[in-house]
Amino acid sequence: MTVALEIKNVSHNFGDFTALDDVSLNISPGDFTVLLGLNGAGKTTLYSLITRLYNNNSGTIKIYGFDVRLNSVNALKHIGVVFQQPTLDLDLSVKENLQYHSSLHGIASSEAEQRIDSEIYRIKLNDKIKSKVRSLSGGQRRRVEIARSLLHKPKLLLLDEPTVGLDIGSRQMILKHVKNLCKKDNLAVLWATHLIDEIDKGEKVIVINKGKVIESGNVSKIVKKTRTKNIREAFNKLVGI
Amino acid sequence: MELIVYIRCFKGIVLREALRFIHQKERFFSALVRPLVWLGIFAAGFRSVLGVAIIPPYETYIPYEVYIAPGLIAMIQLFNGMQSSLSMVYDREMGSMKTMLVSPIPRWFLLISKLLAGVFVSILQVYAFLLIASLWDIIPPISGYFTILPALVVSGLMLGSLGMFLSSAIKQLENFAGVMNFVIFPMFFASSALYPLWKIEETSEWLYYVCFYNPFTYAVESIRFSLYSQINIEYTIGILIFTLIFLILSILGYDPARGTLQKKGSK
């Protein structure tokens, strides 16, 4: 069976500090997987390694079978990313930002136009396409970033704390949108968060703490294994808070 | 990867830089005001103090304004190079640099495209400056307006890649302000931009060598000769070597395996 993201025995240090310690995980197409961990647990470092912002010191990372280090061109083609920090150019319009992204993936302008229109329609921001990003709300900017991450039709979507700082309405809208994408487009999604209320019952969760994967599996399995009532209690027990 | 993919990517990066340039009109005006202040005030004050002998590429005695014009053109490019690398530090802190770096297109190509986009913007500024400078009777031969172009591309690339290398080595935006002071001003003053090298040699031999080996001097002199449709082999070879060195350093600086980006992850 195809594996969308395969991480095997990845460790990473910043000087003496171990940011990731022997991390292994698998994600299949169509999976919505939550990477749950406190701030500083190693989620962003893991994302930086998957997207090759840093090279992994040890272990392997494969995206649809392509090693990120050895075959980064093919591996990166399949990834869409929404970073924790906002990454849109505030002085450019929504459309200009999306066109820029399309060109970074070598998409022809006529094809890009069509894809931009359809992604903007999906996030219901058609009326904002010519607006400067600076004039959008935090939630709208996030939705644009998600639309942007899908322009090159990736098969694996990585989102790093995408709802932090947003109001409840925007959070729910974004979460619902990504979960729909997962189902409709058979997209593999890795959603990093420390917000437990974003996890639904049947979903797969990977708990990361101090750079180590300490538990993974369906919510019900983790709850059962930790002998707790819900995922919040299970998480608190696992990370010792 | 097909050639057309690279072309589209290059076009997109240049277009983005051009759009940012158009949207930030104050950047354009400040880039022009700076050399014009030097030309209009500094040069006016110093023209009676500093006498410039006949030196190549000039064939006659020239006013001081004419002498410093190539230095001011290089200054436009120096500021532009540093400013675009400042925007890279800003982009990196704000995250938008990441979107470029996670493109499947090879990183060296992305970085060189970004550099060339910055050079393109600096060339627009230089031509606007030359237009206004004609009011001060700084009028090179017509051919000079064309022959200066290759020199501007190379000097822009050299100064831009120096800025890019510095941006890869700097952790935070605040530190970059310090580098601006430690890079821009020493580079500008310890060069042939404001006074000919022989004049410096008369005053201090060691300072002469500092100025002689300053990469900025090579940018100034390449521009000076090309503005009069001449080539100085020594400066041309020098600027090409410096460009290559800074380009390699900046690409290594942004290399995920060797670069300084990793070290910054610990901040």
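What share of the contacts in chain B with a separation of 6 or more do residues 24 or more positions apart account for? The answer is 79%, where two residues are in contact if their C-beta atoms, placed from the backbone, lie within 7 Å. The model is predicted, so local features need pLDDT of at least 70 and side-chain atom pairs count only at pLDDT 80 or more, while totals for chains, interfaces and linings use all residues. Residues are numbered from 1 along each chain as its sequence is written, and chains are lettered from A and ligands numbered from 1 in the order in which they are written.

Chain B has 12 helices and zero strands; helices (H or I, at least four residues) and strands (E, at least two) are DSSP runs, numbered from the N terminus. Of its 267 residues, 46% count as buried. A residue is buried if 20 or more other C-beta atoms, placed from the backbone, lie within 10 Å of its own, exposed if 12 or fewer, and partly exposed in between.

Chain A, by contrast, has eight helices and 10 strands. Its radius of gyration is 18 Å, close to the 18 Å that the globule rule gives for 241 residues, so chain A is as compact as a globular protein of that length. Here the radius is taken over C-alpha atoms, and the rule is 2.2 Å times the number of residues to the power 0.38. In chain A, 46% of the 241 residues count as buried.

Now to the sheet. Six strands of chain A form an open sheet with mixed pairing, in the order β6-β7-β8-β3-β9-β10; two strands pair if DSSP finds at least two bridges between them. At the edges stand β6 (79-82) and β10 (212-218) of chain A, each pairing on one side only. Within the sheet, β3 (residues 32-36) and β8 (residues 188-193) of chain A pair in the parallel sense over five bridges, and A:V34 stands opposite A:W191 in β8(A). Helix α6 (residues 168-185) of chain A packs on the sheet, touching β3, β7 and β8 of chain A, and its direction makes about 155° with that of β8(A). Axes are lines fitted to C-alpha atoms, for helices over the stretch in contact, and angles run from 0 to 180 degrees between N-to-C directions.

Finally, the two chains meet. The contact takes 32 residues from chain A and 28 residues from chain B. On the side of chain A that touches chain B, the largest share, six residues, comes from α3(A).
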